[in-house]
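Subject: Structure for you to look at, with notes

Dear colleague,

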Amino acid sequence: MRLKKGDYVVVISGDDKGKKGHILKAYPKTGKVIVEKVHMIKKHTKPSQNNPQGGIISMEAPIDASNVMLFNDRLNTVSKPVYKVREGRRVRICKKSGDEL
């Protein structure tokens, strides 16, 4: 998986198509990511010590990493991240613009 926490992505398929946001958490083993303010679900919680009232909480749910793509603000378009070796180290760069991520 080439996407990492903090990357700015856009959803390219599904109900939330076209929404943009930063990746809050990435799960490489399952191939899923959590994007801020995208794929919001309602979770019913019991009263506990942390939340004595209980109730319904809105939270982000994971979506498949294949449904999001890296967004380049400078070009205002989506692009793939690729790995290149520069000065003896592996770096991620934007395929279209060549910018280092």
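The notes take the strands, the core, the aromatic pair and a few charged residues in turn.

This is a predicted model, in which local features need pLDDT of at least 70 and side-chain atom pairs count only at pLDDT 80 or more, while totals for chains, interfaces and linings use all residues. Residues are numbered from 1 along each chain as its sequence is written, and side-chain values use heavy atoms, with hydrogens and water left out.

Strands and their pairing

Strands here are DSSP runs of E with at least two residues, numbered from the N terminus (helices would be runs of H or I with at least four), and two strands are said to pair if DSSP finds at least two bridges between them. Strand β1 pairs with strand β2 (residues 20-27) in the antiparallel sense over 3 bridges, and the partner of V10 in β2 is K20. On β7, β1 has a further antiparallel partner, joined to it by 3 bridges, with V11 bridged to V68.

From β2 the pairing goes on to strand β3 (residues 32-35), which runs antiparallel to β2 and is joined to it by 4 bridges; A26 has V33 as its bridge partner in β3. These two strands form a hairpin with 4 residues between them, and G31 in the turn has a positive phi of about 75°. Likewise, β7 pairs with strand β8 (residues 77-79) in the antiparallel sense over 3 bridges, where F71 is bridged to V78. The hairpin of β7 and β8 has 4 residues between the strands, and N76 takes a positive phi near 55° there.

A residue is called buried under 20% relative accessible area, exposed over 50% and partly exposed in between (1.4 Å probe, protein chains only). Strand β7 is largely enclosed by the rest of the structure, because 4 of its 5 residues are buried. Contact means heavy atoms within 4.5 Å, and, residues up to four places away in sequence not counted, A65 touches M1, L3, G31, K32 and V33.

The aromatic pair

Y8 is partly exposed, at a relative accessible area of 26%, whereas F71 is buried, at 12%.

Charged residues

R92 lies in strand β10 (residues 89-94) and is buried, with a relative accessible area of 10%. A polar contact is a pair of N or O atoms within 3.5 Å; within protein, one must be able to donate a hydrogen and the other to accept it, and residues adjacent in sequence count only if both atoms are side-chain atoms. The side chain of R92 makes such a contact of 2.9 Å with the side chain of D7, and also reaches the backbone oxygen of R2 at 2.6 Å. D7 lies in the segment before β1 and is likewise buried, with a relative accessible area of 10%. Leaving aside neighbours within four places in sequence, D7 is in contact with R2, G21, H22, I23, L70 and R92.

A charge sits over a ring if NZ of Lys or CZ of Arg is within 6 Å of the ring centre and within 35 degrees of the ring normal; R90 lies over the face of Y83 in this way, at 4.1 Å from the ring centre. Finally, R86 belongs to strand β9 (residues 81-86) and counts as partly exposed, at 34% relative accessibility.

With best wishes
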